[in-house]
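Please keep the sequence and the 3D view open while reading.

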Amino acid sequence: MQALADVILPVFLVIGFGYVARWRNLISDAQVDGVVWFTQTFAIPCLLFTAISRLDLGQEFDWRLLVSFYTGAVISFGLGFAGARVLFKRDWEDCVAIGFVALFSNTVLLGLPISERAYGPEALAANYAIIALHSPVCYAIGITTMELMRNRGGRLRDTGQRVLRAMFHNALVIAIALGFAVNLSGLALPRVMDDALDMMVRAALPAALFSLGGVLYRYRPEGDLRTIAYVVALSLVVHPAITYGLAKAFGLSTEALRSAVVTAAMAPGVNVYVFANMYGRAKRVAASSALIGTGMVMLTGWVWLQILP
């Protein structure tokens with residue numbers, strides 16, 4: 001229980017501050033949206049750019065780490081998609097949006113702070129290796145599958161153009177790409193720019209967690225409870241269980257195993273609602289899954305921390 005108090009509760013208290021502030025009308029929806037815009041468009045892209053530009057790519061991009069995490073993510077997407085179709089009789093486009101809920105873990109707003117509080121800032125390198133590919137891989141899977149479902153019988157070239165246009169209008173994907181460019185080029189940023197980026201980075205996680213609370217208040221759970229329970233179980237149990245099994249089988253280091261499993265065990269992120277809203281599909285399932293899953297991480301995250309070495 002000490003891990004719950006020391007690691008997880010502080011993260012959820014910050015989320016709770018945002019939730020209560022919105023509930024008590026101390027902050028409006030428009031103001032919450034402003035903080036979300038700042039974090040998603042500026043602060044978190046700065047965090048990702050800085051982390052990836054400084055990563056030791058040869059050391060941290062271990063194929064065993066990435067295969068362990070993303071195999072679990074893709075299987076969860078497939079189970080979410082199939083379950084939505086077979087168990088809940090949703091149409092094909094809803095199935096993609098529901099599969100995306102099971103695919104997209106909250107790697108940044110929950111995974112980073114919980115990993116940092118559990119294992120220290122020096123243990124985050126493997127987290128950043130996963131995060132570096134997370135938005136590109138997940139959006140590529142989600143957008144490609146959705147466009148294929150929406151344009152059955154259409155030209156593949158048109159579908160490909162829509163996928164690329166959506167991908168490269170995403171601030172997180174752009175920041176990750178720029179981080180890789182700086183890292184691979186070997187260029188050193190001016191000291192004054194590094195200092196400015198570090199200031200933005202320090203603001204990223206607290207502001208993002210606070211705004212997450214405000215966003216979650218807006219999307220209170222309603223309806224579709226069986227579907228929501230199904231995808232939350234995929235996110236909080238199936239994905240980390242597959243990741244844990246593969247990481248152990250591959251002989252992954254203790255540090256990398258921890259990062260992979262903790263990241264996989266996070267609830268669906270607010271981006272699942274962004275994706276659902278972008279296509280106007282399964283929005284209630286996406287929003288409610290993010291809310292309920294985030295609350296359940298207080299228990300399931302503690303369980304996974306007890307299982308991990």
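For sorting residues by class, Ala, Val, Leu, Ile, Met, Phe, Trp, Tyr, Cys and Pro count as nonpolar, Asp, Glu, Lys and Arg as charged, and the others, Gly among them, as polar. By that scheme, the lining of the second largest pocket holds nine nonpolar, one polar and four charged residues.

The model is predicted: local features need pLDDT of at least 70, side-chain atom pairs count only at pLDDT 80 or more, and totals for chains, interfaces and linings use all residues. Residues are numbered from 1 along each chain as its sequence is written, and side-chain values use heavy atoms, with hydrogens and water left out.

On a 1 Å grid over the protein atoms alone, a pocket is an open set of points with protein on both sides within 12 Å along at least five of seven lines, a cavity is a set where a 1.4 Å probe fits but cannot get out, and lining residues have an atom within 4 Å of a point. Grid points are joined across faces, edges and corners, and a volume is the space filled by probe spheres set on the points. Helices (H or I, at least four residues) are DSSP runs, numbered from the N terminus.

| Space | Volume | Top contributor to lining |
|---|---|---|
| Largest pocket | about 850 Å³ | H2, eight residues |
| Second largest pocket | about 280 Å³ | H2, four residues |
| Largest cavity | about 30 Å³ | H14, three residues |

The largest pocket is lined by 39 residues, and Val36, Gln40, Tyr139, Asn271 and Val274 lie nearest its centre. Its lining divides into 23 nonpolar, 14 polar and two charged residues.

The structure has one cavity of 30 Å³ or more. Ile114, Val262, Met266, Gly301, Trp304 and Leu305 line the largest cavity.

Helix H14 covers residues 283-307 and includes Ser289. Is Ser289 buried or exposed? Ser289 is buried (under 20% relative accessible area), because its relative accessible area is 0%. Its side chain reaches the backbone oxygen of Val285 at 2.6 Å. Leaving aside neighbours within four places in sequence, Ser289 has contacts (heavy atoms within 4.5 Å) that include Val101, Ile228 and Pro268.

Arg226 belongs to helix H11, residues 225-250. Arg226 is exposed (over 50%), with a relative accessibility of 62%. Not counting residues up to four places away in sequence, Arg226 touches Leu87 and Phe88.

Key:
Helices (H or I, at least four residues) and strands (E, at least two) are DSSP runs, numbered from the N terminus. Buried means under 20% relative accessible area, exposed over 50%, partly exposed in between (1.4 Å probe, protein chains only). A polar contact is a pair of N or O atoms within 3.5 Å; within protein, one must be able to donate a hydrogen and the other to accept it, and residues adjacent in sequence count only if both atoms are side-chain atoms.
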